[in-house]
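Let's take a walk through a protein model together, starting with the whole chain and then zooming in on a few side chains. Have the structure open beside you as you read.

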Amino acid sequence: MVAENEKERGLIIVSNRLPLSVKEENGSYKSSLSSGGLVTALSGLTKSTNFRWFGWPGKAIKDPAQQKMISDALAENSAVGIFLDEQLAHDHYNKFSNSVLWPILHYQSGVAFNEDAWKAYQRVNEIFADTVASEANTGDFIWVHDYHLLLLPSLLRERLEKQGKHCPIGFTLHTPFPAEDFWGANAEKEGQVQYEGHESCVATFVVGIDPQKFNVSMQDPDVQKRIHELEKLYENTTVIIGVDRLEYTKGLVQKLEGYEHFLKAYPDLQGKVTLIQVAVPSSEDVKEYQDLENDISTLVGKINGEHATADGTPLIYIHRPIPFTELTALYCVADICLLTSRRDGMNLVASEYVACQANKHGVLVLSELAGAASFMSGGSVTFHPSSVQELSDAAHKALTMDEKEKKERYEELRGFITTHKAGYTNFRCSAAGLTTVL
C-alpha cells in the first residue's frame, strides 16, 4: 500500500490520451471516466493517492474560452488537458506512434519511416514536457506511460533542472519490451540500463485489475437479468468469448482461421458451439487497420456461410464497443475465453474473464505469446497462435475438460488476480528515478 507520508506528495500521471471523455451540455462541458487497460490498472491507486492526470482530451480546441471551460471540467476529475492541433495530434498518434513504433515494438516487419511524422512525434513530446514541467512541484512523482511519449522523460528532466525542480520520473511501457540487442545502451547490470551517463532501473511489473468492480457489476439487477437472458438463449450451447481491440497483434485473423479449422475438425459439435467475438474499433484512420477489418469481415462471412444452419450461426461478430454491463454478462455466461495475441504486453481481458467466473469455472484458452501467459499459464490451456491445429486442439481440450480440472485451474487463476489487484502499488524513490511495483 502507499505509505502515509507519500500520499501528501503529488503523483502526476502522464499518458497520450486522458482517461476521460468530454461532452458539451447546454453551453458547458462535462467530463466522465472512460474505460481501458491503463484506467483499469490504476483505478485503485487513484483512490488512495493525491494525483493529477495529464494528457490530450481528444478534442482539437483552438478557442481559448472553450479550452478554459474544458480545463475546468477536467479539473473536477483531477485531470489536466494538453491541447494539440488536430493535424499534429493525427500525425503523432496515427502516422508515427501507431504506424511506426507500435509495429516495431511488436516485432512486425515492413515499417516505413516518415520524417514529417517523426517531427510531429518530437513536437508533441516537447509540448507535453513544457506543460508538465511548468505544473510540477519539487518532490512530485511523475509517472509517464507508454510508447506515445518515449521522449518525454528526457525532455522533462532537462526542463525541470532548468527550473530548479527535483522530481523522480518513472516510465512504464505497456507493450512488449524490445530485446537487449535492440538498444545502443549498456545493460550489463541486471535491472539497470546506462545510457549517456544516466542510469535507469528497469523491471517487469504485473498489471492487475480491480475484481471488486466486476463483483459489484454482477450484482446489478440489470446485469443479472441479462445473464439469465443469455443463459436461456445459449442453454444447450458452449459459448466461447473473445474480447479484443481490432488490432493485428491481437491475432484476430489467426483466431478465426483456427476456429474455422476447429469447426471442420469436429463436425459433431455443429450447432453446439458459438464464438462471440467482440472487436473494439481501434486506429480506424490507419490503412493497415482498415485492411484488417476487411479481412476479418470476409472471414466472418465465410465461416458463417459454410457452417450456419437455420437454427443459428457458429460465430457472432460485434464490431463496436459494448457497455460494461453487457461485457460483464458475456464474461459470466461464457464457458471458454479465447485469446490469440501474437504479441502482447499483458492482456487484461484474461483477468477480467476470471473475475466473472467464480460460479462457472470457465476455461481460459490463452496464447503463449500474450504477456498474461507468463503469469497465468498454469491455470490456462495455452497454444501458439500461428498454428490452427494447436488452437483447435486447445479449444477442444477446454470444451471437453471435466469439472474437477476446471475448478482446479480456475482456483489457480483466481488466486493470481486477487493477489495482483489494481491499486496495490508502492513507490520507491531513488537517484535512478521512480520505481513502481504493481
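Of the 438 residues in this chain, 50% are buried, where buried means under 20% relative accessible area, exposed means over 50% and partly exposed is in between, using a 1.4 Å probe and protein chains only. Before we go on, a word of care: this is a predicted model, in which local features need pLDDT of at least 70 and side-chain atom pairs count only at pLDDT 80 or more, while totals for chains, interfaces and linings use all residues. Residues are numbered from 1 along each chain as its sequence is written, and side-chain values use heavy atoms, with hydrogens and water left out.

Now look at contacts, meaning heavy atoms within 4.5 Å. Among those with a separation of 6 or more, 78% join residues 24 or more positions apart.

Next, the rings. Rings of Phe, Tyr and Trp (for Trp, its six-membered ring) pair if their centres lie within 6.5 Å; planes under 30 degrees apart count as stacked, over 60 as edge-to-face and the rest as tilted. By this rule there are 12 aromatic pairs. Take Trp 102 and Tyr 147: their ring centres are 5.5 Å apart and their planes meet at 50 degrees, so this pair is tilted. Trp 102 sits in helix α4 (residues 86–105) and Tyr 147 in the loop between β6 (141–145) and α6 (152–162), so the pair ties together parts 45 residues apart in sequence. Both Trp 102 and Tyr 147 are buried.

Compare Trp 118 and Tyr 121, a stacked pair at 6.1 Å centre to centre, with 20 degrees between the planes. They are 3 residues apart in helix α5 (residues 115–135), so about one helical turn separates them. Is each one buried or partly exposed? Trp 118 has 24% relative accessibility, so it counts as partly exposed, while Tyr 121 has 1% and so counts as buried. Ring pairs also link Phe 96, Phe 113, Trp 118 and Tyr 121 into a cluster.

Finally, go back to helix α4 and find Gln 87. Gln 87 is partly exposed, with a relative accessible area of 45%. Its C-alpha atom is 8.9 Å from that of Ala 60, which is 27 residues away along the chain.

Conventions:
Helix = DSSP H or I, 4+ residues; strand = E, 2+ residues; numbered from the N terminus.
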